[in-house]
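Good morning, and thank you for joining this meeting.

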Amino acid sequence: MADDVAGMDGVQKAAVLLIALGPEKSSLIFKHLKEEEIETLTLEIANTRSVAPQIKEDVIEEFYQVCLAQQYIAEGGIGYAKNLLEKALGEDAAQTVIGKLTASLQVRPFEFVRKADPSQLLNFIQDEHPQTIALILSYLPAHQAAQVVSSLPMDKQSDVAKRIAKMDRTSPDVIKEVERVLERKLSSLVNQDYTQVGGVDAIVGILNTVDRGTEKHIMENLEIEEPELADEIRKKMFVFEDILTLDDKTIQRVLRDVDQNDLGLALKGSSEEVQAAVFRNTSSRLASMIKEDMDFMGPVRMKDVEEAQQKIVNIIRKLEDSGEIIISRGGGDEIVV
């Protein structure tokens, strides 16, 4: 790598990389940065008059090597990554890349657990203390944690959910000890500062992903044991019955993406108020067809109804995430038109 690049700091290299990628790709990267990071990089780019082709090439190559190392670490840990990088780059270059990576990037604790099948993971941790389970699940993607929570014994589900929601900061020593007990040494990769983990947002992400039955069970228990916490969680969630809180225009937008069969099945187990809100926003012909479908299907399993309702809730959440609809959740979320 050129001497000029070796003497550059991280901000300078990042600015060169963004310049090399061009405005379209750089704008996508900016979406994932903090405001102060954007300001710093924008200023650095503005102050960069010109970049030699060789420097661009060297920065891109370094970035590629770090990304490659990060991928290898995620797949099999530091030792695995170092072994593959040595074969690809040579021993000295591999050591340099690994050194830069561990110095500048944080590899999340329990990374080895993230690659495990949820059913295997359940067998692995179900006998652990609920606080330990809560700590591990807080580091997992919501969909993976949701599958584990759904499979836990009923008496443990709400307990683990409560512990995730109330978790704030966890000492790195505690994380290291849990990892050691799980026979995987990632302690060298744990950030030595206290790590923010869990909290209400974490459990909301999990509850938004679990099946409806598990969600209801956990929320009902939390409402009894921790009513204030349950209220805080509910304000950040959206369940099928919350369709009543949507305005007619929003309901009409949602219904455009909903399968008619799912809608009929979902309404089969809903209140008259929810049915009225939906039928009010469909054509009289479509409303008649859905009502006929509901009558024709006869008795249905509650599990099927809940699955259909969850599909519609997922559509609503997706539309909200994309900004196509706005859901007022109270607490300053009033909509001004």
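Let me begin with a term: a residue is called buried under 20% relative accessible area, exposed over 50%, and partly exposed in between, with a 1.4 Å probe and protein chains only. This is a predicted model, in which local features need pLDDT of at least 70 and side-chain atom pairs count only at pLDDT 80 or more, while totals for chains, interfaces and linings use all residues. Residues are numbered from 1 along each chain as its sequence is written, and side-chain values use heavy atoms, with hydrogens and water left out.

The chain has 337 residues, of which 41% are buried. Its secondary structure consists of 20 helices and two strands; these are DSSP runs, numbered from the N terminus, with helices being H or I of at least four residues and strands E of at least two.

Consider Ser 158, in helix 11. Ser 158 has a relative accessible area of 4%, and is therefore buried. Leaving out residues up to four places away in sequence, Ser 158 touches Ile 218, Asn 221 and Leu 222, where contact means heavy atoms within 4.5 Å.

I turn now to the nonpolar cores, that is, sets of buried Ala, Val, Leu, Ile, Met, Phe, Trp, Tyr and Cys residues joined through side-chain atoms within 4.5 Å. The largest has 33 residues, and Ile 233 is among those touching the most other members. Helix 11 (154-166) and helix 15 (227-235) are among the elements giving two or more residues to this core. A second, separate core has 28 residues, including Ile 251 and Ala 277.
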